[in-house]
Amino acid sequence: MEYQTPKPYLDDSCVRCGTCLSRCPVLGLTESEARVEIENLKEGRDRRVLKGCPSCMVCDIIFPNRCNTGEIIVKR
Ligand code: SF4
Ligand code: SF4
């Protein structure tokens, strides 16, 4: 499978709802855990996402505001 560069994370559009990470098929986060994790990613804190994420980019498909969570994960 060909690797594709992630689309840029749109910080201004992200309301930190955590929906993208709560629907991740790998990490098994609750919605409240997902909200904490999106803040951790924003602030550069290394927590659960970076330990368990294989960068499948499914969260880029299932998020509601089209702000591309996958890129911030890859950057961290
Ligand atoms: S990237 Fe989208 S779904 Fe994820 S926390 Fe931000 S607004 Fe919510
Ligand atoms: S890229 Fe990581 S956080 Fe996003 S859906 Fe895939 S495993 Fe989950």
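Reader: Let's start with ligand 2: how do the residues in the shell around it divide by class?
Author: The shell around ligand 2 is made up of 12 nonpolar residues and two polar ones, with no charged residues. Please keep in mind as we go on that this is a predicted model.

Reader: Okay, and which residues are the closest to ligand 2?
Author: Of the 14 residues that surround ligand 2, the closest are C24, C53, C56, V58 and C59. If you look at it by element, α4, which covers 58–62, and α5 are the ones that give two or more residues to this shell.

Reader: What about ligand 1, which residues are closest there?
Author: Ligand 1 is surrounded by 13 residues, and the closest of them are C14, C17, T19, C20 and F63. By class, the shell around ligand 1 holds eight nonpolar residues, four polar ones and one charged residue.

Reader: Switching topic: how many helices and strands does the chain have?
Author: The chain has five helices and zero strands, and from the N terminus on the order of its elements is therefore simply α-α-α-α-α.

Reader: And how compact is the chain?
Author: Its radius of gyration is 11 Å, close to the 11 Å that the globule rule gives for 76 residues, so the chain is as compact as a globular protein of that length. Along its principal axes, the C-alpha trace spans about 35 × 25 × 20 Å.

Reader: How much of the chain counts as buried?
Author: Of the 76 residues, 25% count as buried. As for contacts, among those with a separation of 6 or more, 58% are between residues 24 or more positions apart.

Reader: Which residues touch the most others in the largest nonpolar core?
Author: That core has 13 residues, and the members that touch the most other members are L21, L41, V49, C59 and I73. Three helices, α1 (19–22), α2 (31–43) and α5 (69–75), each supply at least two residues of the core, and the largest share, three residues, comes from α2.

Reader: Can we zoom in on V49, and what does it touch?
Author: Leaving aside residues up to four places away in sequence, V49 touches L21, L27, E37, L41 and I73.

Terms used
Residues numbered from 1 in each chain as written. Chains lettered and ligands numbered in written order. Predicted model: local features only at pLDDT ≥ 70, side-chain atom pairs only at ≥ 80, totals over all residues. Core = buried A, V, L, I, M, F, W, Y, C linked by C-beta atoms within 7 Å. Buried ≥ 20, exposed ≤ 12 C-beta atoms within 10 Å, placed from the backbone. Helix = DSSP H or I, 4+ residues; strand = E, 2+ residues; numbered from the N terminus. Contact = placed C-beta atoms within 7 Å. Near = placed C-beta within 6 Å. Nonpolar A, V, L, I, M, F, W, Y, C, P; charged D, E, K, R; others polar. Rg over C-alpha atoms; globule rule 2.2 N^0.38 Å.
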